[in-house]
Protein chains: 2
Amino acid sequence: MSGPATHTGAPHTATPDGLYEVTEATARAARTAPLLAALGRAGRSRLLAAMADALWADRERLAATADEETALGVPVLLAEIARTADQLRLFGRVLDEGSYLGVAVDTRTADGTAFPPVRRWLVPRGPVAVFGASNFPFAYGVAGGDTASALAAGCPVVAKEHPSHPRTCALVLAALRRAATGAGAPADVVTMVSGFRAGIDLVRSPQLTAVGFTGSVGGGRALFDLCAARPSPIPFYGELGSVNPAVVLPAAARDRPAALARVLADSVLTRGGQVCTKAGLLFLPEGADGDAVLEALSARVAEAAWPVLLNPSIRAAYVLGTAERAALPGVRVLTRHRPAGTNPADPVPPVLLTTGAATLRDDPESVLTEECFGPCAVVVRYRDTEDLTAALTALAPSLVCALHAGDTDADTARALLPLLAAGAGRVVWNDATCGLRVGWATQHGGGYPASTDSATTSVGAAAIGRWLRPVAYQGVPAGFLPDELRTGDGNEGAGPHTVPFRLDGVPLPGPGRTNR
Amino acid sequence: MSGPATHTGAPHTATPDGLYEVTEATARAARTAPLLAALGRAGRSRLLAAMADALWADRERLAATADEETALGVPVLLAEIARTADQLRLFGRVLDEGSYLGVAVDTRTADGTAFPPVRRWLVPRGPVAVFGASNFPFAYGVAGGDTASALAAGCPVVAKEHPSHPRTCALVLAALRRAATGAGAPADVVTMVSGFRAGIDLVRSPQLTAVGFTGSVGGGRALFDLCAARPSPIPFYGELGSVNPAVVLPAAARDRPAALARVLADSVLTRGGQVCTKAGLLFLPEGADGDAVLEALSARVAEAAWPVLLNPSIRAAYVLGTAERAALPGVRVLTRHRPAGTNPADPVPPVLLTTGAATLRDDPESVLTEECFGPCAVVVRYRDTEDLTAALTALAPSLVCALHAGDTDADTARALLPLLAAGAGRVVWNDATCGLRVGWATQHGGGYPASTDSATTSVGAAAIGRWLRPVAYQGVPAGFLPDELRTGDGNEGAGPHTVPFRLDGVPLPGPGRTNR
């Protein structure tokens, strides 16, 4: 679980190529925007493939550097680089397929009277900012999902350097810029700024059109507020925090306590519990069946390796946060450990707490309903479905939730699914909350504070939509329009189109089929 | 152009059915949400059709009452009721067709390894608020586009009564609620609140999930700020204000001055200039060809009937706003009229002003770049393409813009189109800015302040998207899922599906084709 306890987060020895002051970075991004758009879908698909290749070619050095800065371990980081490269390539397929453009053409009224065609599609917003996360230096970093989807959309990215892994950021930035130049694109499709003040100035920049952010509720809300307070507000896509519930129904607890203990432990301990999809509240039925799951789970957590956490402030918040929760009335500590060391590089013990469902129901503002980042979870025991429902209803929206059901839980499961889906972006059946698959059907978001914009996703093919906005052309002759819009002039039956589109309400296929 | 100068905006004689205090209205909406969702697509399609029928059946009384309150004229209002009913029916077709749900199913990795299916689709947000506009009591009112699209999505609507046409609001509300009951739906799918304070309390209500608004920059921005400042922020879809440019290129001015004068006059004078798509800035080339257009246009405006404006505050803003603009240095008044009367029901004169492009370029903060609601426009004379480009670049984003080009303007048009599309939601070629077609390809939005959320539209089929958010189900057995998601279990080739969907990245058609 834990990586080498190194944490040699030394600063840069020289200013990285592509690191600029905010005004310079945003001016470069604004100049680059029309060039990135002009590359077209094929050119941007090649750009993303070149970036994926560049990251993969440099993977050994990237993983070693990131391990020095994050202590996540080289094998874990190599797998994350692979996922990050795959993500860049997924958006290449999204571009090739083209239905993300949402092309729609209206040519006649309901009674068949023709009018000058109206053609609607989505265009890139312009320069955007990407604030990466501490816990995924690659998949949610300078080359992460927000960057991949923004570049695919045609939006130049100004990345904010993450202060807990600056050297990794610089290496990733260099790889992306080398790849861009090699693919015939301007290096400035990705630039970077550094420092707390730069982050604030960046979201206030008049040239900026949108912000992607993965991080804490405090920092994220502050930036959200700045975006909303601009003279001309811009969207802030923030993934802030989430206490993801995992619900074990009675028959599941009775039938498979050992398997549940394994899945729940994975949901709490993966990457030292430092993932946004960690299960933070584990709902178990009262009684012997629930006790058996709890016993097996406690044993697994007690045996787990102690992780070194990402940085000193996350570590301090974890040590204080677990102590604060353990001291609450009605809360019992299930894990008994020697105290953690005092050195920031010392590993920390996983912590399992337990309480009754009434605690959450009676105090929805309890600190137990707030995220505690790290290998910690609260086991919530419930008496019956009513008790469970009341506790779940009191929770804030989450990124993900899990429902573990056995054969005779079907009716309860059917009743609970709408409640779970009411706030969460993803509902998992009989599996761990973490381990997000990146594909066409991926949803990574949810109600606030899981996301500041529950209409979008930060991961998966649909993420491209957050960087686009619609424009309709009314009566503009086809010759003045981009390839994708040169349709709807009466010869649709004649052959394939560049992209799938909708003609007078009827969906028509594109030129071919693109598989994942 | 003008309606009867009646303005007998008397208050209600009794509390309308469906008018509640905010807490009662939002509680009823929250209770109604699952019932509206449970109607399914077919049930909601029937609901919208019943509402369209109810409005149409009551059209004579509705138009007469609205004319008393808005002075827009019965024929204009009857046409608006027809458009409003058509709009409700359009969303019925959107529901029947079903691709708005964005169903995507992933079942295997890129190398073909199967995993428990991930199924993504869009679900209704929950109760929403709709603030209608003063200028379209039907199409942007209690039964307008926001209400139609929200009900289609499955979101109960709490409408804010418009203070300048309360009796029209009450009649529309009654028609919608009668139709709902008749269609087997709860009457509370639409409720209403009244008063300034209620509007504020409404957007702050914890039960509310989104707001649609059409109105002024001042009022809209205040409500936007309240939505952003909530403990749990919600989206505010506001259409605030827009100074829409209409650009006449040299060859167009040379070839068809009379036709241009007609189209431009329509763009300024339709409904007394009280439309969000009014052309506020008319760019004409300097020289004899531009002079000819201007002369013909001035003649048309001078001959136009004086409209009675919607309400006293709009009238006061118009009288003051045109006087303020007329007094600016570098601005000349082209229309010479006797002064308007002082009674709120007196008609007002259309006003045409003129200035040079340098005025806008040198002072982008000039009041000339702000909307002046009513039959007023500023003719901006430009020297050459460079002069024109500089002035256009200085403008705020708009809902719509028009480009009038002749045969030899092709190169200039090609260069200007990206600039015009950079801010506007709709680009019109050789036609009036007003007269929005409501269909599948409609876009009615734009950058701020034209819209507070440029990713969405307030009119047309795509408007349904603003009331939805994505949820993914991972590994949930098909039997626990709604019809539309019961696919992706390996028998996709066997027959038609309920809705179009994407399987492992490949788009597959729905059961049939729905035309507009």
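Select Pro449(A). This residue sits in the loop between strand 14 and strand 15 (468-474) of chain A. The model is predicted. A cis peptide bond joins Tyr448(A) and Pro449(A), with omega about 10°. Most peptide bonds are trans.

Jump to chain B and pick Pro449(B). Its place is the loop between strand 14 and strand 15 of chain B. The bond from Tyr448(B) to Pro449(B) is cis too, with omega near 5°.

Go back to chain A for another backbone stop. Select Ala71(A), in the loop between helix 3 (59-70) and helix 4 (74-97) of chain A. Most residues other than glycine have a negative phi.

**Where the chains meet**

Show both chains and color them separately. The area buried between the chains is about 5,800 Å². Carbon and sulfur atoms give 54% of that area.

Next, look for charged partners. Two salt bridges are found across the interface of chain B and chain A. For one of them, select Arg502(B) and Glu97(A). Their side chains meet at 3.4 Å, N to O.

Now highlight the side of chain B that touches chain A.

Select strand 14 (residues 426-429) of chain A and strand 15 of chain B. These strands run parallel and are joined by three bridges. Zoom in on Val427(A): Tyr473(B), in strand 15 of chain B, stands opposite.

Which order do they take? The order is 10(A)-11(A)-12(A)-9(A)-8(A)-13(A)-14(A)-15(B)-2(B)-1(B)-16(B)-17(B). That makes an open sheet of twelve strands with mixed pairing. Its edge strands are strand 10 (332-333) of chain A and strand 17 of chain B, each pairing on one side only.

Stay on the chain A part. Strand 11 (residues 351-356) and strand 12 (residues 376-382) of chain A run parallel, joined by six bridges. Thr355(A) stands opposite Val380(A) in strand 12 of chain A. Now show helix 12 (residues 312-326) of chain A. This helix packs on the sheet and touches strand 10, strand 11 and strand 12 of chain A. Its direction makes about 30° with that of strand 11 of chain A.

Another open sheet of twelve strands has the order 17(A)-16(A)-1(A)-2(A)-15(A)-14(B)-13(B)-8(B)-9(B)-12(B)-11(B)-10(B). Its edges are strand 17 (506-508) of chain A and strand 10 (332-333) of chain B.

Pick strand 8 (residues 244-248) and strand 9 (residues 279-285) of chain B. They pair in the parallel sense over four bridges. Val247(B) has Phe283(B) as its bridge partner in strand 9 of chain B.

For the last stop, show helix 10 (residues 257-269) of chain B. This helix lies across strand 8, strand 9, strand 12 (376-382) and strand 13 (400-404) of chain B. It runs at about 155° to strand 9 of chain B.

Note on methods:
Residues are numbered from 1 along each chain as its sequence is written. Chains are lettered from A and ligands numbered from 1 in the order in which they are written. This is a predicted model: local features need pLDDT of at least 70, side-chain atom pairs count only at pLDDT 80 or more; totals for chains, interfaces and linings use all residues. Side-chain values use heavy atoms; hydrogens and water are left out. Buried area is the accessible area (1.4 Å probe) that two parts lose on being put together, summed over both. A salt bridge is a side-chain nitrogen of Lys or Arg within 4 Å of a carboxyl oxygen of Asp or Glu. Two strands pair if DSSP finds at least two bridges between them. Helices (H or I, at least four residues) and strands (E, at least two) are DSSP runs, numbered from the N terminus. Contact means heavy atoms within 4.5 Å. Axes are lines fitted to C-alpha atoms, for helices over the stretch in contact, and angles run from 0 to 180 degrees between N-to-C directions.
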